[in-house]
Structure formats: structure tokens, C-alpha cells
Amino acid sequence: MRAGETNRHLSGWLLASPLTLVLILFLVLPIAMIVVVSFWQATEFSIIPAFSWENYDFLFGSPVTYRVFGNTIKYALIVWAFTLGIGFTVAYFLAFHVRTQTWQIALFLLCTIPFWTSNIIRMISWIPFLGRNGLANSALISAGITDEPLDWLLYSDFSVILAFVHLYTLFMVVPIFNTMMRIDKSLIEAAYDGGASGFQTLTNVIIPLCKPGIMIGTIFVVTLVMGDFVTVRFMSGSQSANVGRLIQNDIALLQYPSASATAVVLLITVLMVIGILLRFVDIRKEL
Amino acid sequence: MTKPTLSRRSLLKGAAAAGAASAFPAPMIWAQNIKDVTLRQFGTGVSNLNEVGQKVKEDLGFTLEMTALDSDAVTQRAATQPGSFDIADIEYWICKKVWPTGNLQAMDVSKIKNYDKIVGIFKDGKLTPESTIAQGTAPHTVGFTDGPDGTTFASEQTNWMTLIPTIYNADTLGIRPDLIGRPIETWAELLNPEFKGKASILDISSIGIMDAAMVCEAMGEIAYGDKGNMTREEIDKTMAIFTEAKKAGQFRAFWKTFDESVNLMASGEVVIQSMWSPAITAVKSRGIDCVYQPLKEGYRSWGGGIGLSKNLSGLELDAAYEYINWYLDGWVGGFLMRQGYYSAVPETSKNHMSENEWGYWFEGKEATDVITNPFGDAMAQAGEVRDGGSFEERMGSVACWNAVMDENQYMVRKWNEFIAA
């Protein structure tokens with residue numbers, strides 16, 4: 001009896017251990033290492049493993065940090081709003097307007113086609129399109145909408161956000177579409193029977209039921225945008241900075257401790273954002 | 001030349017190879033084993049060319065594996081992963097950062113056959129006895145160390161070199177003469193409001209700050225003690241001027257990679273920017289007019305060399321010395337000079353270039369026929385003259401070398417602020 005119990009106990013531990021080990025090795029340890037290094041000092045030639053607050057002192061003492069974090073959050077918010085708007089509309093169309101499942105699947109696959117290429121290519125292809133002598137400007141000029149080429153189309157916040165929205169909208173579409181497909185159609189019929197207008201059905205039935213999908217999409221988009229460094233660099237022509245670029249610059253200059261400190265602050269910021277988001281919706285319960 | 005235990009068949013093949021063979025001292029006893037040697041070289045794309053690797057296999061018999069990285073990654077690897085390479089192809093300013101880590105070993109000058117023929121810039125800093133030494137990390141200041149285990153730099157020539165110079169050039173601003181339509185003569189033009197929204201500077205802080213300093217000095221705004229080693233105050237003033245220009249919309253973009261600079265220029269997004277010489281060629285090869293404009297304040301120059309990993313010893317170390325001697329023997333020099341760079345031992349390179357090529361690239365003469373680079377692309381037509389003229393004119397008017405400053409960390413932070421502004 002007792003032996004059997006220890007056995008069960010043991011097998012439980014053994015079953016859980018592979019995942020635990022993987023998580024410890026590849027998630028907990030690296031993050032712990034980053035936190036440790038963030039308290040070190042570096043010179044051009046060496047890393048000094050001694051505890052110091054210097055990196056954080058500098059980080060929180062510099063106006064650049066606040067500006068860059070502000071910029072990062074600005075990008076995240078705007079991109080979130082656009083991807084949510086577009087993503088929800090696309091998912092709604094797919095789930096409720098397209099009647100046959102074959103078409104639903106076909107159109108859904110169509111949405112994923114851009115993902116068959118690398119996201120760098122999808123991003124960079126905007127550059128010749130939006131350039132001063134690019135397609136967009138020549139079209140606008142020949143249509144008589146402007147006389148001068150519009151410079152703000154490329155290497156501006158506009159182009160950064162455009163590329164982000166283009167790259168990440170699908171991350172909104174997929175989870176929202178998924179939750180929409182689980183909505184029992186009879187609920188919607190019941191709403192109509194109860195005299196709700198289309199809009200009322202949307203706000204009172206569909207949106208509340210889609211919350212987990214919206215939340216998952218939001219987490220995807222927000223974390224992707226906040227951690228990005230490539231899109232901002234290419235689409236702003238290196239003229240704008242976000243936190244990712246700050247870290248990248250530090251790494252390029254061998255300032256690992258300072259890069260780690262910034263990474264830790266970014267990690268905490270993102271975790272806080274996700275923590276707040278999760279207070280609105282209990283994803284586990286609603287899935 | 002003493003007689004052949006010369007079992008390197010390849011050396012005897014072909015006239016060119018035979019020529020190369022006669023230039024080498026008799027091969028060592030390890031001739032048989034050398035085919036098994038593999039040397040791993042990494043460096044910036046500039047001189048890490050597969051053609052060089054192939055030619056090494058042909059001439060010397062061993063394998064040279066090449067990895068091309070950007071200069072930040074090169075620095076990182078040299079400083080942090082000494083086991084990952086045998087030969088580091090790095091720039092002199094990178095050497096200043098990396099040498100103190102002790103990851104490279106000093107090279108015995110007496111084993112370098114063409115040492116005496118190496119250009120003065122890399123030995124006493126002077127191109128000709130009358131030249132003045134430019135500001136910045138001049139190669140000779142980090143070119144020598146005190147002994148085989150030295151980790152500091154010697155102030156004059158010693159028997160121990162840190163890097164064997166391989167390639168160097170003088171950089172300036174690139175312009176689109178067709179879109180500017182008037183002569184450009186000074187670095188100050190980069191911030192001329194006339195080019196608002198059409199200028200660019202490179203976003204590699206250590207080099208970008210130098211270009212910025214050249215501009216501020218040319219504008220008469222700042223007089224620097226040493227542009228290659230600025231004080232905090234000088235850095236602040238420089239970045240203030242550039243931040244103001246950035247906020248006023250002077251810059252279209254900043255570039256970090258070679259391709260970006262080519263695209264900015266070729267698409268007409270930018271008409272004046274800091275640029276590297278092969279990028280000019282790449283723009284020109286698309287049929288677009290682009291000039292590497294010589295400016296009255298002079299050039300910002302850079303130089304690279306190869307260093308040996310601490311871990312090399314025995315047969316591999318011998319092979320590495322053999323490689324270095326081969327490198328300076330002329331074939332690589334000719335190969336690089338035909339792309340517009342300079343070789344550390346121009347005399348030997350001359351043997352591997354036609355008279356027309358030598359005249360155009362080195363002496364600044366009119367081309368008598370089409371000039372092609374080693375890859376077969378036409379670089380200039382008959383009658384054209386190289387931008388900036390002869391070797392002496394170009395390397396003689398270097399104002400500043402690429403550098404690492406004492407206040408590097410401060411500069412980097414200020415540069416980051418500039419980018420984020």
C-alpha cells in the first residue's frame with residue numbers, strides 16, 4: 001500500500017520532470033542569467049562581474065529611456081488598435097458572413113499566404129513601394145492628388161506602423177476567428193428572437209464571447225511589437241528608436257550588462273501589461 | 001631557390017602559379033601535411049572573399065574557411081570567442097578594442113618576407129617622410145606590441161606586430177551629381193539645408209561620429225583637439241548640432257549596412273551621404289551617376305589587417321605565416337586594388353595588375369581602356385580618372401582614421417540619444 005503510494009508519487013514527479021527540466025534549462029536559467037548580468041559592469045575589453053546598480057541608475061536617470069519606452073508603448077497601442085479593428089472585422093466576416101465551411105477554410109488559408117514568405121521580405125517590400133519615387137507616390141501624383149512626392153510615406157512613424165499592422169494582423173485574426181467559430185449559433189438566433197438589433201447582438205453577445213480570442217491576439221501583438229527591433233530600424237530608416245533597438249545597439253557595442261538591464265526592464269514592463277490584460281479576462285476559464 | 005622537396009603539385013601548375021612559387025622560400029618539411037590544415041578566418045565582407053580562399057587552396061594547398069560578418073559582430077567574436085577562429089581579419093580600431101583581451105598573438109616580423117616593403121602608414125605612420133600623422137586610431141599606433149606576449153601597444157616599431165596590414169582606403173561623402181547639379185567641396189554640405197530630407201549618415205556610432213566631426217569642423221562650429229579621441233564636451237557639442245539637424249528633418253534615413261546605403265542612393269531618397277567606396281561602384285553599376293567626392297578637409301580613412309588567434313601553434317601557425325607571406329606577395333593585393341582598395345605592399349601588387357589598371361587605380365591616370373573589377377564588371381571607361389586621384393593624393397590627405405575613443409562608452413550613449421531624438 002505504502003510502497004504503491006510512493007510509486008505513484010514518484011511517477012508523478014517523473015512525468016512532470018521533462019517539462020520542468022526543459023523550462024528550467026531554456027527559460028528560467030537564461031532569464032536568471034540576464035538578471036545577474038544586468039548588475040555587472042562592462043568596459044570595452046572585459047566584463048566585470050561585481051554587483052552594481054550603475055546600469056539601472058543610468059537607465060532610470062536618462063531622459064532617453066523614458067522617451068524610448070514611451071515610443072515603444074505608443075507603437076504597441078496604435079498597432080494594437082489597428083490590428084484589433086481589422087482582425088475583428090476579418091474574423092467576423094469569415095465566421096458569420098461566409099456560410100460554407102469550404103469557403104471559410106479557403107478564405108482563411110488565403111489570409112495566411114503572406115506568411116509563406118519571411119517577415120523581413122514582407123516588410124522590406126514596402127520600402128520601394130513607399131519611397132519618394134516609389135509606386136505610391138507616382139500613383140498619387142499622376143492621379144493629381146498631390147504635386148510633390150509625400151516624404152512622410154517612408155522612414156516615418158507612419159511606415160513603421162503600417163508595416164507592423166501588415167505583419168501582425170493575422171495574429172489577431174486567428175484567435176478571434178477561433179473563438180467566433182465556437183459561438184453557438186443558436187445564441188445569436190436567440191438574440192434576434194429577443195428583438196436585438198444587429199449592433200446590439202454584436203456588442204452584447206459576440207464581443208463578450210470573443211473576449212478570450214481578443215485577449216490572446218492582444219497578447220501576441222503587444223509582445224511582438226514591444227520586443228521588435230528590426231521593423232522599427234528598417235521602416236524608420238533608423239530614425240526612430242524603440243527599446244529593442246536600444247538593446248541591439250548595446251549588444252553591438254559589447255555593452256552586455258547595460259543591454260541586460262534594459263532587457264530586464266522591458267521584460268517587467270511586458271509582464272505588467274500582460275498581468276493587467278489577464279485581469280480583464282480569465283483565459284483559462286473561457287477557453 | 002633551393003631544390004624541391006617541393007611536393008605541392010599545385011604550385012607547379014600553370015605559369016602564374018610558377019611565378020608565385022619562385023617568390024616563396026623553399027617549403028618546409030610539413031609540405032605533405034599541409035593539405036590537412038584548415039584555417040578558419042573571419043572578418044568584414046570587404047576582404048573575406050571566396051576567390052581568396054580558392055586561390056589559397058591552389059597556391060598553398062591548405063583550406064581557408066571564410067566567414068563574413070559586420071564590424072560589430074567581428075568585434076564581438078574576436079573579443080568573446082577566441083576558440084572560434086584562427087585568423088581574424090579586423091580593422092585597426094577593432095584591434096585597439098580586442099588586443100587587450102589577449103585573444104590574439106603577436107607576429108614575429110622577421111618571418112614576414114615583405115615587411116620592408118609595407119607602406120610607411122603602417123610602420124611609422126608616415127606615407128612619405130614629410131607627411132603629418134592624421135588624427136584618430138592611426139594604424140601604426142596599434143600595430144606593434146612589446147613582445148610575443150604583449151597586451152599593450154608599443155609606441156614605435158618593434159619586432160612584434162599585432163596585425164599584418166592587408167587593405168585600407170580613404171572614405172569621403174558620396175553624392176548624386178545629377179540631382180545636386182553643382183560642385184560639392186566640403187564636408188559641411190552634409191548639413192546644408194538645401195539637402196533637407198535628402199541627406200544620410202551611417203548609424204555605426206564609432207564611424208558615424210567621425211563623419212559628424214568632419215562636418216562640424218568644416219562648418220567651423222567646433223575645433224577638435226583630436227577627432228579620433230574627443231572630450232565629453234566635444235561629443236556633446238557634435239551631437240547637439242546633429243540632433244538639431246535631425247529634428248529639422250535634414251536626414252532621410254540612417255544606414256547601417258552596405259546595401260542600405262546603395263539603395264538609399266540609387267533610389268534617389270538621398271543625394272548626399274557618408275558612403276563606402278564599393279557602394280559607389282554598386283550604384284554606378286546600375287547606370288546611375290554617383291561620385292565619391294573628394295573634399296577639401298580630407299578623408300576619413302580606415303585600415304584592416306589580419307591577426308592570429310592565441311590558439312594557433314605548430315603546423316597551423318606555420319601555415320598561417322605562409323598565408324600571411326602569400327597575402328603580401330601581390331596576388332591578393334592586385335585583386336583588392338582592382339576593386340578600388342589599396343594593398344599594404346603596392347609594389348608586389350603591381351605585378352598582378354595591367355599597366356592600365358595600375359595607372360587608373362594607383363597613379364590616378366586616365367584609363368586607357370575599360371577598367372573592370374575582378375568580377376568582370378566595368379568600373380570605368382577609357383578616359384575616366386579615379387575620384388580623388390592618385391594613391392599619394394588620396395592617402396596623403398587623410399584627416400582622420402577610424403578610431404575608438406577613451407570616452408567611447410559616453411559617446412555611444414550620446415549616439416543612442418541622437419538616434420532616439
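Visitor: How many Å separate the centres of domain 1 and domain 2 of chain B?

Guide: Bearing in mind that this is a predicted model, the centres of domain 1 of chain B and domain 2 of chain B, taken over C-alpha atoms, are 28 Å apart.

Visitor: And which residues make up each domain of chain B?

Guide: Domain 1 of chain B covers 30-169 together with 301-350, while domain 2 covers 173-297 together with 390-420.

Visitor: How many residues of the two domains are in contact?

Guide: On the side of domain 1 of chain B there are 21 residues, and they are in contact with 21 residues of domain 2 of chain B.

Visitor: Which elements of domain 1 give two or more residues to that side?

Guide: Those elements are α5 (92-98), β6 (135-136) and β15 (299-309) of chain B, and the largest share, three residues, comes from α5(B).

Visitor: Changing topic, what is the strand order in the open sheet of three strands in chain B?

Guide: The order is β5-β8-β7 (chain B), and the pairing is antiparallel; β5 (107-108) and β7 (144-145) of chain B are the edge strands, each pairing on one side only.

Visitor: How many bridges join β7(B) and β8, and what stands opposite T145(B)?

Guide: β7(B) and β8 (residues 160-161) of chain B pair over two bridges in the antiparallel sense, and W160(B) in β8(B) stands opposite T145(B).

Technical notes: Residues are numbered from 1 along each chain as its sequence is written. Chains are lettered from A and ligands numbered from 1 in the order in which they are written. This is a predicted model: local features need pLDDT of at least 70, side-chain atom pairs count only at pLDDT 80 or more; totals for chains, interfaces and linings use all residues. Two strands pair if DSSP finds at least two bridges between them. Helices (H or I, at least four residues) and strands (E, at least two) are DSSP runs, numbered from the N terminus. Domain bounds come from an automatic or database domain assignment. Two residues are in contact if their C-beta atoms, placed from the backbone, lie within 7 Å.
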